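The sequence and structure come before the text.

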Amino acid sequence: MAASVLEVRNLTKEVPTGGGEPFVIFKDINLSVKEGEFVSIVGPSGCGKTTLLRVINGLLPPSGGQIFIDGKEQTGVDRELVMGFVFQGASLLPWRTSLKNVLLGVEGRKPSREAEETARRYLNLVGLSGFERHYPHQLSGGMQQRVNLARALVVDPRILLMDEPFAALDAQTRTFMQLELLRIWSETKKTVIFITHMISEAILLSDRVIVFSHRPGRVRSEFAVPLARPRNLDIKSDQRFVELENKVWKQIEEEVKAAAGFSQL
Amino acid sequence: MRGSVKLFSVVGGFVLWHVLAVHVVNDTALLVSPVVVVLKGYDMLFVTADLYPHLYASASIFFQGMLIATVVGVPLGFVMALNPIMRDYLTPWMTALYTTPRIAFAPVILLWFGVDLASKVIIVFLGCVFPILINSFYGMRVVSREFVDVGRSFRLSAGRLFLKILLPASVPFILAGLRLAVGRGLTGVAIAEWFGAREGLGFLIFFAGQTLNIPTLFVGVSVFAILGILGFQLLKVIEDLATPWKKELPAK
């Protein structure tokens, strides 16, 4: 059993609301992710999944709890770039070409020729050789997310945090990107935390699916995905896939209903 | 198609002007035909050549004023955007200076600095600096949080975050500020040269008005207009060069 590379203990995030009770985004999250594991987090909208990822990455400070990497507690942000972040939507810098967007994380950290070679290698990995000089607006949505993925991978992080990276894509492109991610993951052996709304996406990609409750977000349940790798789209018709999808959906349905009931009080 | 609309607009405007001057107003003490203005302009450029000292004097204070306004306005805008204490400290003064009509300052500045180059440049500077400052300020304030987070996820230092994310994201706003400043700068030139100048396009117009020299008056005004258009176009070219990623966006 591999040791956990990332561990989160009792992590809580709240934001002050002028005077009154603080607004609790998520509460007492406990999470442990093993080296090389692909973990997805699904949950109803507004349950704090994205905020959790931002707190883990250090983009936002936690209100309570601890984050451990390799058993060492994190205080402040990791300067060593242990984590890479794949943002949702249009986060590519429009004034930089694909190559320069990918270079962002390595320029200044490596000699420029080496940095450029690395960037080209990762663009090649995501299937974008020949598009080095294209600006983001000249690329399709799927290609933009490939650049986005290459940009996060270029610093060779051990943990990849992916915040609904395919949410803005059409259904076909999204399916292709899921398969591409499976391929890239198997080639790079990264530890991945993947946020999504789409249950089938979470099951297809992950070793483990974590279901979040409605806000304030808590870990409601965890499911190991009992499907062998390498995977392809055929597993979607596997009995175990269908059963798991239903089980997860039932829980999310309950959470969504509870959240709606809550807001009607 | 769109080019021909522009051409039609310009030619039509001149024809209307000509018809108004010759057939409606018909009084050369009030309005002259554009043909007369063009001939007078030709005369002042290539025969008597007495336009050049004015052109040179005006261009000189314009460029100096613009340059100083850029050098002061852009960093000051950035500082106000990035430092909340500086923002709160400077905002009341900036608002007061910006909203006061500049022409109200002109006599005071002339009194303090005399009727020479310095006071004229200061008047132009006061005209140009605010659009540049305000645009630089907003450019930096509205940088997408996502872009900043991308930089922070790579643990860029504050300096690198500024150079690689904030500054390039603000460039289109700064250039738009410079374009706004061209018009206000030329107004500044006219105001500065109105008060006690001995040369310059503003003086030329003022003097021609006083002596009812209508053709010269219109030449002065036209040169101002042409300078404004040229300045605007020049900045458009600079904008295209500085922001190549925008050039290929589909025209709407």
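## The four-stranded sheet of chain A

In this predicted model, chain A has an open sheet of four strands in the order S2-S1-S4-S5, with antiparallel pairing. Strand S2 (23-34) and strand S5 (72-73) of chain A are the edge strands, and each of them pairs on one side only.

Strand S1 (residues 4-15) of chain A runs antiparallel to S2(A), and eight bridges join the two. One of the residue pairs can be named: A:Glu14 has A:Val24 in S2(A) as its bridge partner.

## The six-stranded sheet of chain A

Chain A also has an open sheet of six strands, ordered S6-S7-S8-S3-S9-S10, and here the pairing is mixed. Strand S6 (83-86) and strand S10 (219-224) of chain A stand at the edges; each has a single partner strand, so one side of each has no neighbour in the sheet. From one strand to the next, the twist averages 15°.

Within this sheet, strand S3 (residues 38-42) and strand S9 (residues 208-212) of chain A pair in the parallel sense over four bridges. A:Val39 stands opposite A:Arg208 in S9(A). Helix H4 (residues 141-153) of chain A packs on the sheet, where it touches S6 and strand S7 (159-163) of chain A. The direction of helix H4 of chain A makes about 165° with that of S6(A).

## The nonpolar core

The largest nonpolar core holds 120 residues. Those that touch the most other members are A:Val42, A:Ala150, A:Leu161, A:Ile193 and B:Val124.

For B:Val124, leaving aside residues up to four places away in sequence, the residues touched are B:Ile61, B:Phe62, B:Gly65, B:Gly185, B:Gly188, B:Val189 and B:Ala192.

## Contact between chains A and B

How many residues of each chain take part in the contact between chain A and chain B? On chain A there are 18 residues, in contact with 15 residues of chain B. The side of chain A that touches chain B is made up of eleven nonpolar residues, six polar and one charged.

## Confidence

The model has an ipTM of 0.89 and a pTM of 0.84. For chain B the average pLDDT is 90, and 97% of the residues score at least 70.

Among the elements of chain B, the highest mean pLDDT, 95, belongs to helix H3 (residues 52-82) of chain B. The lowest, 74, belongs to helix H11 (residues 244-247) of chain B.

Note on methods
Residues numbered from 1 in each chain as written. Chains lettered and ligands numbered in written order. Predicted model: local features only at pLDDT ≥ 70, side-chain atom pairs only at ≥ 80, totals over all residues. Contact = placed C-beta atoms within 7 Å. Nonpolar A, V, L, I, M, F, W, Y, C, P; charged D, E, K, R; others polar. Core = buried A, V, L, I, M, F, W, Y, C linked by C-beta atoms within 7 Å. Buried ≥ 20, exposed ≤ 12 C-beta atoms within 10 Å, placed from the backbone. Pairing = 2+ DSSP bridges. Axes fitted to C-alpha atoms, helices over the stretch in contact; angles between N-to-C directions. pLDDT = per-residue confidence, 0-100.
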